[in-house]
Amino acid sequence: MPEARLYLIGGSESFLIEQAVRDLRKKHVDPALEAFALDIISETEKDPSRIINSLQIIPSFAPSRLVLVDNPFFLKTTRKDDAAEDTGGEGEAAGLDKNSEKLLYAALENLPAGVTAVFINHGALDQRKKFVKFCQKNGQVLLYEEFKPWEKDKAASWISNYLREKNYAIDRQATEFLVEITGLSVGALAAEAEKLMLYAADRTKLTLADVQTMASPGGLNTYDLGEALRRKDLPEVLRLLTALLRDSEAPQGLLGYLAKQLRTFLQVKELQLSRQSASTMAGLLKMNPWKLENIILPDLRQYTLPQLQNAYLELQNADYQMKTGQLD
């Protein structure tokens with residue numbers, strides 16, 4: 001984490017935000033001196049003078065002080081902010097008058113030696129806000145956003161790095177599988193990683209078999225269903241569908257999952273027909289280039305474009321019949 005005395009931390013990925021705050025507390029606060037070294041100002045405290053006064057207190061009985069301001073009220077977006085954007089204004093924060101704003105900025109510009117200020121915003125940061133611009137100029141703004149649906153590669157890399165920092169290695173295929181069955185939540189991925197490390201015991205190399213063993217049965221079958229569909233393994237597709245329905249998986253959910261897989265196959269086939277390279281296709285479809293070229297493209301040779309189009313139309317028809325009550 002960059003060295004600074006003023007931090008603004010925000011974003012939608014709560015796990016990484018909490019991790020960043022923990023790191024700052026570990027760095028600046030001795031647990032034995034926490035009563036003197038840490039001041040947490042909750043989001044229910046809406047008096048600017050409470051923050052300003054805390055920022056001006058010189059550390060005593062401890063070498064440093066950390067002031068944590070959780071979800072500050074003046075970072076909340078309001079209709080006034082939206083109107084300010086439309087008129088070219090700065091989108092001044094609600095509830096922070098001009099005098100309080102001036103005093104707050106003065107306190108942050110003249111922090112006593114040993115004082116570090118951290119403002120935490122759980123959610124997207126409005127870049128128009130004057131306070132955000134102030135922090136960008138005078139401190140560090142750290143943004144932690146959730147992975148987007150097309151960023152599975154980044155999520156897989158994150159979990160690999162997370163395990164590497166704890167002296168564990170993991171197969172590439174295993175990380176991709178873990179992302180497929182767990183989703184893109186960093187917190188959920190970290191929890192699965194902790195389970196894997198406990199399961200591995202003295203081993204420091206994690207494999208696909210380890211992940212499959214620890215995976216929840218529902219997620220595992222859903223992942224396997226997509227793999228069987230890609231391979232055009234009809235008996236396995238039917239077996240997995242039967243097992244999932246027997247385990248009370250929602251038919252609508254399975255229909256949507258199958259449609260999503262077929263839509264991807266159709267997009268790949270259509271790009272192939274337009275003679276796009278594998279790297280270009282991977283970029284357009286936000287896919288892992290290695291997986292596309294070495295796994296997906298070879299398997300899709302078994303499908304023709306008309307076959308995929310007809311299958312997709314059948315799924316659309318089934319979806320319509322289910323929604324209109326024609327199909328149970």
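Biologist: Why does Ala201 count as partly exposed?

Modeller: Keep in mind that this model is predicted. Ala201 has a relative accessibility of 49%. Buried means under 20% and exposed means over 50%. The value for Ala201 falls in between, so partly exposed is the label.

Biologist: Where does Ala201 lie?

Modeller: Ala201 sits in the loop between α9 (186–200) and β7 (205–206). Its phi is near 60°, a positive value in a residue other than glycine. Most residues other than glycine have a negative phi.

Biologist: What is the phi of Arg275?

Modeller: Phi of Arg275 is near 60°, again positive in a residue other than glycine. Arg275 is found in the loop between α13 and α14.

Biologist: Is Arg275 buried or exposed?

Modeller: Arg275 is exposed, at 77% relative accessibility. The cut-off for exposed is over 50%, so 77% qualifies.

Biologist: What makes the packing of α13 and α14 oblique?

Modeller: Helix α13 (residues 251–273) and helix α14 (residues 278–285) pack at about 140°, with axes 10 Å apart. Roughly antiparallel needs an angle over 145 degrees, and roughly perpendicular covers 65 to 115. The crossing of α13 and α14 is right-handed.

Biologist: Which residues make that contact between α13 and α14?

Modeller: From α13 come Gln267, Val268, Leu271 and Gln272, and from α14 come Met281, Leu284 and Leu285. The contact of α13 with α14 has five nonpolar residues, two polar and no charged.

Biologist: Why is α12 called roughly antiparallel to α13?

Modeller: Helix α12 (residues 234–246) packs on α13 at an angle of about 150°, their axes 10 Å apart. The cut-off is over 145 degrees, so α12 and α13 are roughly antiparallel. The crossing of α12 and α13 is right-handed.

Biologist: Which residues form the contact of α12 with α13?

Modeller: Leu241, Leu244 and Leu245 of α12 meet Pro251, Leu254 and Leu258 of α13. The residues of this contact divide into six nonpolar, no polar and no charged.

Biologist: How many salt bridges does the structure hold?

Modeller: The structure holds 17 salt bridges. One of them pairs Glu180 with Lys152.

Biologist: How do you know that Glu180 and Lys152 form a salt bridge?

Modeller: Their closest N and O atoms are 3.3 Å apart. The limit is within 4 Å, so the pair qualifies. Glu180 lies in helix α8 (residues 172–182) and Lys152 in helix α7 (residues 152–165), so the pair ties together parts 28 residues apart in sequence. Glu180 is partly exposed at 32%, and Lys152 is partly exposed at 31%.

Biologist: What makes Asp210 buried?

Modeller: Asp210 has 5% relative accessibility. Buried means under 20%, so Asp210 is buried. Its side chain meets that of Arg203 in a salt bridge of 3.1 Å, N to O. Arg203 is partly exposed, at 36%.

Biologist: Why does the pair Asp233 and Arg231 count as a salt bridge?

Modeller: The closest N and O atoms of Asp233 and Arg231 are 3.8 Å apart. The cut-off is within 4 Å, so the label holds. Asp233 is partly exposed at 27%, and Arg231 is partly exposed at 35%.

Conventions. Residues are numbered from 1 along each chain as its sequence is written. This is a predicted model: local features need pLDDT of at least 70, side-chain atom pairs count only at pLDDT 80 or more; totals for chains, interfaces and linings use all residues. Side-chain values use heavy atoms; hydrogens and water are left out. Axes are lines fitted to C-alpha atoms, for helices over the stretch in contact, and angles run from 0 to 180 degrees between N-to-C directions. Helices (H or I, at least four residues) and strands (E, at least two) are DSSP runs, numbered from the N terminus. A crossing is left-handed if the near helix is turned anticlockwise from the far one by less than a right angle, and right-handed if clockwise. Contact means heavy atoms within 4.5 Å. Ala, Val, Leu, Ile, Met, Phe, Trp, Tyr, Cys and Pro count as nonpolar, Asp, Glu, Lys and Arg as charged, and the others, Gly among them, as polar. Buried means under 20% relative accessible area, exposed over 50%, partly exposed in between (1.4 Å probe, protein chains only). Angles under 35 degrees count as roughly parallel, over 145 as roughly antiparallel, 65 to 115 as roughly perpendicular and the rest as oblique.
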